[in-house]
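Take a look at the model below.

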Amino acid sequence: MNQKILSIDDSKTIRLLLARMFRPFQVELREAGNGEEGLAQAREVRPDLIILDYNMPVMDGVTMLQHLRHDPQLKSIPVIMLTAESNPKIISTVARLGVRDYIVKPFQEQPLIAKVSKIIPLQPQVPASS
Amino acid sequence: MTNPLSQQELIQIANRSVPEVWQTQLKKEIQPSPNLNLPLPSPRIATVAWTGSSASAEMVLTIPSAGAQLAAQTLLGASGNYVPEDTDLDDVVGELCNMVAGRVSTELRQHGLTGTLHPPLPGRTSPSGTATPFTPTVCLTHWTCGDYSFTFSLNIHPNVS
């Protein structure tokens, strides 16, 4: 069964980059462009993992995370932060909110995949039979 | 009130920050290009603002459309038949500016300047609330990456009290 990852980032570039990175795996990737859309997607999809940006219009990543943690249905979803922001106060805040990992952009693809695979199983796609 | 950092300090910050993003995210080496011919052709521009308690900054990345296209192909080239649309190229430049700004923000913190980044905006913009009567310290750096050249500017000024 596909693992469901929800990518929440206002940059389409990052969302497409993550889609490319996880294409070799049995992953269903869903996308949202800000925290508000991300919350709606999380309620609909119940993802196995959320990859979350911080700086976003409408609702930033920390606010989204606070909403997530106060929702009994969603509070246990693991979250990895993927953001250009490295302010220690923000890192400390999201750590208190139970974020599993914090990755600062620019980032390398393989370490991110490795960190994701420690949280959810990443199975390679089965080649289509000819 | 004096500006928090000198132009030379800003140039050093930019000279460390910009290449790191190109090397890490695009797997490309870039070179300083002091004799760049300006203006750049068909420029794509993105601005990221940084707001601190005592100072504010604007960071502007300007890349020709052809360079943005190459960056998009490098980042997303393995995405099947994906062909970047016009707005996608602006987004690529915005995200690269965001990454450089994040690296710059880390360096500003090492100089005792704490603040937060704002989401990237297309074009050359000055976010509301950062207008200042002080002349900003301006740093403009020029770069070449293979077939294209680009600029990154970093402007910082004390906040109005």
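What follows goes from the fold of one chain to the interface, and then to the other chain.

This is a predicted model. Start with chain B. Its secondary structure consists of three helices and seven strands. Along the sequence, the order in chain B is α-β-β-β-α-α-β-β-β-β. Chain B has 161 residues, and 40% of them are buried. Now consider the contacts in chain B with a separation of 6 or more. Of these, 72% link residues 24 or more positions apart.

Next, the packing of two helices in chain B. The axes of H2(B) and H3(B) lie 9 Å apart, and the helices pack at an angle of about 80°. Angles from 65 to 115 degrees count as roughly perpendicular, so H2(B) is roughly perpendicular to H3(B). On the H2(B) side, the contact uses Ser65(B), Ala68(B), Gln69(B), Ala71(B), Ala72(B) and Leu75(B). On the H3(B) side, the partners are Asp88(B), Leu89(B), Val92(B), Val93(B) and Leu96(B). Sorted by class, this contact of H2(B) with H3(B) holds eight nonpolar, two polar and one charged residues.

Now the core. In soluble globular proteins, nonpolar side chains tend to be buried together. The largest nonpolar core here has 68 residues. Which of its residues touch the most other members? They are Val100(B) and Leu154(B). The element that gives the most to this core is H3(B), with 10 residues. Setting aside neighbours within four places in sequence, Leu154(B) is in contact with Leu10(B), Ile13(B), Ala14(B), Ala57(B), Met59(B), Val104(B) and Cys139(B).

The two chains also meet. At this interface, 24 residues of chain B are in contact with 20 residues of chain A. Four elements of chain B each give two or more residues to the side that touches chain A: helix H1 (7–25), helix H2 (65–76), helix H3 (86–110) and strand E4 (115–117). Which element gives the largest share of that side? It is H3(B), with 11 residues. By class, the side of chain B that touches chain A has 10 nonpolar, 10 polar and four charged residues.

Cross over to chain A. Here helix H2 (residues 35–45) and helix H3 (residues 61–69) have axes that come within 9 Å and cross at roughly 30°. Angles under 35 degrees count as roughly parallel, so H2(A) is roughly parallel to H3(A). The crossing of H2(A) past H3(A) is right-handed. H2(A) makes the contact through Gly35(A), Gly38(A), Leu39(A) and Ala42(A). H3(A) answers with Gly61(A), Thr63(A), Met64(A), His67(A) and Leu68(A). Four residues of this contact are nonpolar, five are polar and none is charged.

Ile5(A) shows a buried strand position. It sits in strand E1 (residues 3–8) of chain A. Is Ile5(A) buried or exposed? The cut-off for a buried residue is 20 or more other C-beta atoms within 10 Å. Ile5(A) has 25, so it is buried. Beyond four places in sequence, Ile5(A) touches Phe22(A), Val27(A), Leu29(A), Pro47(A), Asp48(A), Leu49(A) and Ile51(A). Ile5(A) and Arg30(A) are 25 residues apart in sequence, yet their C-alpha atoms are 6.2 Å apart in space.

Finally, look at the backbone. Most residues other than glycine have a negative phi, and most peptide bonds are trans. Pro106(A) lies in the loop between strand E5 (101–104) and helix H5 (109–117) of chain A.

With 14 other C-beta atoms within 10 Å, Val58(A) is partly exposed. Lys27(B) is placed in the loop between H1 and strand E1 (31–32) of chain B. Lys27(B) has 10, so it is exposed.

Terms used: Residues are numbered from 1 along each chain as its sequence is written. Chains are lettered from A and ligands numbered from 1 in the order in which they are written. This is a predicted model: local features need pLDDT of at least 70, side-chain atom pairs count only at pLDDT 80 or more; totals for chains, interfaces and linings use all residues. Two residues are in contact if their C-beta atoms, placed from the backbone, lie within 7 Å. Ala, Val, Leu, Ile, Met, Phe, Trp, Tyr, Cys and Pro count as nonpolar, Asp, Glu, Lys and Arg as charged, and the others, Gly among them, as polar. Axes are lines fitted to C-alpha atoms, for helices over the stretch in contact, and angles run from 0 to 180 degrees between N-to-C directions. Angles under 35 degrees count as roughly parallel, over 145 as roughly antiparallel, 65 to 115 as roughly perpendicular and the rest as oblique. A crossing is left-handed if the near helix is turned anticlockwise from the far one by less than a right angle, and right-handed if clockwise. A nonpolar core is a set of buried Ala, Val, Leu, Ile, Met, Phe, Trp, Tyr and Cys residues joined through C-beta atoms within 7 Å. A residue is buried if 20 or more other C-beta atoms lie within 10 Å of its own, exposed if 12 or fewer, and partly exposed in between; C-beta atoms are placed from the backbone.
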